[in-house]
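Have the structure open while you read.

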Amino acid sequence: MGEQQATLAGGCFWCTEAIFNDVIGIRQVESGYIGGHVTNPTYRQVCGGDTGHAEAVRLTFDPEQIAYRDILDIYFATHDPTQLNRQGNDIGTQYRSAIFPHSEEQEAAARAAIERAQADWDKPIVTTIEPLSDWYPAEAYHQEYFEREGENNPYCMAVVAPKLRKFRKSYAERLKNQASAV
């Protein structure tokens, strides 16, 4: 079957990247930008909110170790898909909740995942399913950001670290390093 890719936007890519780096079957996580109208946008441009891009992650995964459906379930469990164009204090379309399917099968799975996840939320899920478009990797300093800089960044300690702890506790059986669960 070979490796596949998934592209997901769920707010700040530092957090989404940190979560999926821990998951068995995820071979690579790359932070980047998708869904906009500017070629090769910079972080500064995307943060300005004028390019139309979302901060996202592109996952390369082994479908024999983790199903796309399971990736989507983790995605919906680790961000708030009911917040339109924001995640917490991060506000703007660049922080939208969006899925960019790589195939018709992924699109159908995304629609099914939204229906499954809705049962866990009191408000309607606003996650969009958007066409796959040009992918622009984020600058090198954004890759593996939480792993490298998290303990030195107040935002990461206040936002990413608690979310990562909750994820590791809830999904201990899915972690690459079982010691990370503690």
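1. Ground rules. This is a predicted model, where local features need pLDDT of at least 70, side-chain atom pairs count only at pLDDT 80 or more, and totals for chains, interfaces and linings use all residues. Residues are numbered from 1 along each chain as its sequence is written, and side-chain values use heavy atoms, with hydrogens and water left out.

2. The main core. The largest nonpolar core has 41 residues, and Leu8, Phe20, Ile26 and Leu59 have the most contacts inside it. A core here is a set of buried Ala, Val, Leu, Ile, Met, Phe, Trp, Tyr and Cys residues joined through side-chain atoms within 4.5 Å; buried means under 20% relative accessible area, exposed over 50%, and partly exposed in between (1.4 Å probe, protein chains only). Among the elements giving two or more residues to this core are strand 1 (4-10), strand 2 (26-34), strand 3 (54-61) and helix 6 (154-170).

3. Leu59 and the second core. Beyond four places in sequence, Leu59 touches residues including Leu8, Phe20, Ile26 and Ile71, where contact means heavy atoms within 4.5 Å. A second, separate core of 7 residues includes Ala9, Ile34, Ala54 and Ala98.

4. Helix 1. This one is mostly covered, with 8 of its 9 residues buried. Trp14, Glu17 and Phe20 are among the buried ones.

5. Helix 3 against helix 4. How do the axes of helix 3 (residues 68-77) and helix 4 (residues 104-118) cross? They come within 10 Å and cross at roughly 40°, the axes being lines fitted to C-alpha atoms over the stretch in contact, with angles from 0 to 180 degrees between N-to-C directions. That makes helix 3 oblique to helix 4; angles under 35 degrees count as roughly parallel, over 145 as roughly antiparallel, 65 to 115 as roughly perpendicular and the rest as oblique. On the helix 3 side, Leu72 and Phe76 are among the residues in the contact, and helix 4 brings residues including Ala113 and Ile114.

6. Asp70 lies in helix 3 and is partly exposed, with a relative accessible area of 22%. Its C-alpha atom is separated by 10.0 Å from that of Ala109, 39 residues apart along the chain. Thr60, in strand 3, is buried at 10%.

Definitions and conventions:
Helix = DSSP H or I, 4+ residues; strand = E, 2+ residues; numbered from the N terminus.
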